[in-house]
Every structure is written in C-alpha cells, then in structure tokens.
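Here are some notes to read alongside the model, written for someone opening it for the first time. Take them in order and keep the 3D view at hand.

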Amino acid sequence: MGNDILRTERLELRPVRDEDIDRILEYRNLPEVTRWLLRTNVDPEPFRAAWRRATADPDDHSRAVVLDGVVIGTVSLEALDGMGGQPGMPSRTEALLGYTFDPAFGGRGYATEAVTAMVAYAFERLGIRRITAGCFADNLASVRVLEKVGMRREQHGVGDSWHAELGWVDGYTYALLAGEWLREATP
C-alpha cells in the first residue's frame, strides 16, 4: 500500500495505524454496523493482524478516514486482476471497494466524500480501469453512497446473500469504469 495521504475538503484518508484499531472496533462492533457487514464477529487481535498485513500489501490501498483527528471510518480498495487470462492482459487493473463508517457521523456526506476520494485516487493515480462494490440490497445507506459516487448497479442477485437476522436476502453489485469517471470529472 502506498503511504499517500488523500485530502478532501473536510477529511484526511491515511493508512491505518496500530493505534486506530481500537477506535475502528468501537464503531465496527455496533449492532447497527455489524448488521450490514459480511463478517460480524471480530476478535481484536486477528483484526489488528489483518490491518498490519494490509499495510504491507502493495495491492491493498485501504485508508482510515479522519475528521478533526478522529477516525470516523475506513475505506478499503484492493487491486485485483481482471477476469480472463488471455495473453497480454494487464495485471491489477480492477479493484474491489468497501467502506465502514461510525454511524454517529452519518447523514453528513462523509462516507460519500471519502469514497469519492478513493475512487478518484484509484482511477487517476493507480491506473485502475474498473471498480466494483457489493452490498445487501436492504442497506439503503450503502446503496445511496455507491449511486452518489456514480457507480452503476450491474447485478441484482435475488436471494444470493446470507444475512444472520434476515436469512437469504438480495444483494447488489455496483461497478464503475475509469472512462466513465473521467468523462464525468472533465467539464
């Protein structure tokens, strides 16, 4: 992962530090947050070790989202190879996007601002050509963030996602191509 610090009008996106983990776990383990995560049970030490590994992984560009010195969320971006194996296929041109935010800071556009900054970073500085993200269809806050960023819903998986409380539920996959992003960003 690069050590680039991304700045927006209100936020700083920087690599996660060891001292951030306890703060991240504070909001990550809230029932209203874990309700929408794929992995709900988190032991602090394995979670800390996973972030350490991510920091050392050149394909992991995850960041802590900081507002006035307080970590309010994380945005993850993992560079991957695209589908197919034809000769000449460039490597690490796709990315998987994710995010988790403290609900105490919800409703003020911070998630959209941070995700937008990460998408711009991926396309404009990392050379990523396609970003995908998934969410439970019932997670309306996440749906709104992805759509505000300009991602298109490419898949509606009917009953394809297991939810501990709700059973089999629908899931969405969103995507965005660099060319689409750059066209929108260019006046």
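1. Strands E5 (residues 94–101) and E6 run parallel and are joined by three bridges. One place to look is Glu 94, which stands opposite Arg 130 in E6. Please keep in mind that this is a predicted model. Between the two strands, the path goes by way of helix H4 (residues 110–124): E5, H4 and E6 make up a β-α-β unit, and that unit is right-handed.

2. E6 also has a partner in strand E8 (residues 167–177), and here the pairing is antiparallel, over seven bridges. Phe 136 has Gly 171 in E8 as its bridge partner. How covered is E6 itself? Strand E6 spans residues 130–136, and six of its seven residues are buried.

3. Now step back to the whole sheet. Eight strands form an open sheet with mixed pairing, and their order is E1-E2-E3-E4-E5-E6-E8-E7. Which strands stand at the edges? They are E1 and strand E7 (152–163); each has a single partner strand, so one side of each has no neighbour in the sheet.

4. E5 has a second pairing that is worth a look. Eight bridges connect it to E4, and these two strands are antiparallel. Within this part of the sheet, Glu 78 stands opposite Leu 96 in E5.

5. Next, the nonpolar interior. In soluble globular proteins, nonpolar side chains tend to be buried together. In this model the largest nonpolar core holds 39 residues, and Val 75, Leu 97, Val 119, Ile 131 and Met 151 are those with the most contacts inside it. Elements giving two or more residues to this core include strand E3 (63–67), strand E4 (70–80), helix H5 (140–149) and helix H6 (178–185). Which element gives the most? That is H4, with eleven residues.

6. Setting aside residues up to four places away in sequence, Leu 97 touches Val 75, Ser 76, Leu 77, Val 115, Met 118, Val 119, Ile 131, Thr 132, Ala 133, Leu 146 and Met 151. Apart from the largest core lies another core, of twelve residues, with Ile 24, Tyr 27, Trp 51 and Val 66 among them.

7. On to charges. Side chains of opposite charge can pair when their charged atoms come close. How many salt bridges does a search of the whole structure find? The count is 17. Some charged residues are linked in a network of salt bridges: Glu 94, Arg 129, Arg 130, Arg 152, Glu 154 and Glu 180.

8. Arg 125 and Asp 4 meet through their side chains in a salt bridge, at 3.3 Å from N to O. This pair links distant parts of the chain, 121 residues apart: Arg 125 is in the loop between H4 and E6, and Asp 4 is in the segment before strand E1 (6–7). Arg 125 is exposed, at 52% relative accessible area, whereas Asp 4 is partly exposed, at 29%.

9. Another salt bridge brings Arg 52 together with Asp 18, with 2.6 Å between the closest N and O atoms. Arg 52 sits in helix H3 (residues 44–56) and Asp 18 in the loop between strand E2 (12–14) and helix H1 (21–28); the two are 34 residues apart. Both are partly exposed: Arg 52 has a relative accessibility of 45%, and Asp 18 has 34%.

10. Asp 102 lies in the loop between E5 and H4 and Arg 23 in helix H1, so the pair ties together parts that are 79 residues apart in sequence. Arg 23 has a relative accessible area of 18%. A polar atom of the Arg 23 side chain also lies 2.8 Å from the backbone oxygen of Val 71. Leaving out neighbours within four places in sequence, the contacts of Arg 23 are Val 70, Val 71, Ile 72, Asp 102 and Phe 105.

Note on methods. Residues numbered from 1 in each chain as written. Predicted model: local features only at pLDDT ≥ 70, side-chain atom pairs only at ≥ 80, totals over all residues. Heavy atoms only, no water. Buried < 20%, exposed > 50% of the residue type's maximum accessible area, 1.4 Å probe, protein only. Helix = DSSP H or I, 4+ residues; strand = E, 2+ residues; numbered from the N terminus. Pairing = 2+ DSSP bridges. Right-handed = clockwise from strand over helix to strand, strands pointing away. Salt bridge = Lys/Arg side-chain N within 4 Å of Asp/Glu carboxyl O. Core = buried A, V, L, I, M, F, W, Y, C linked by side-chain atoms within 4.5 Å. Contact = heavy atoms within 4.5 Å. Polar contact = N/O pair within 3.5 Å; in protein donor to acceptor, adjacent residues only side chain to side chain.
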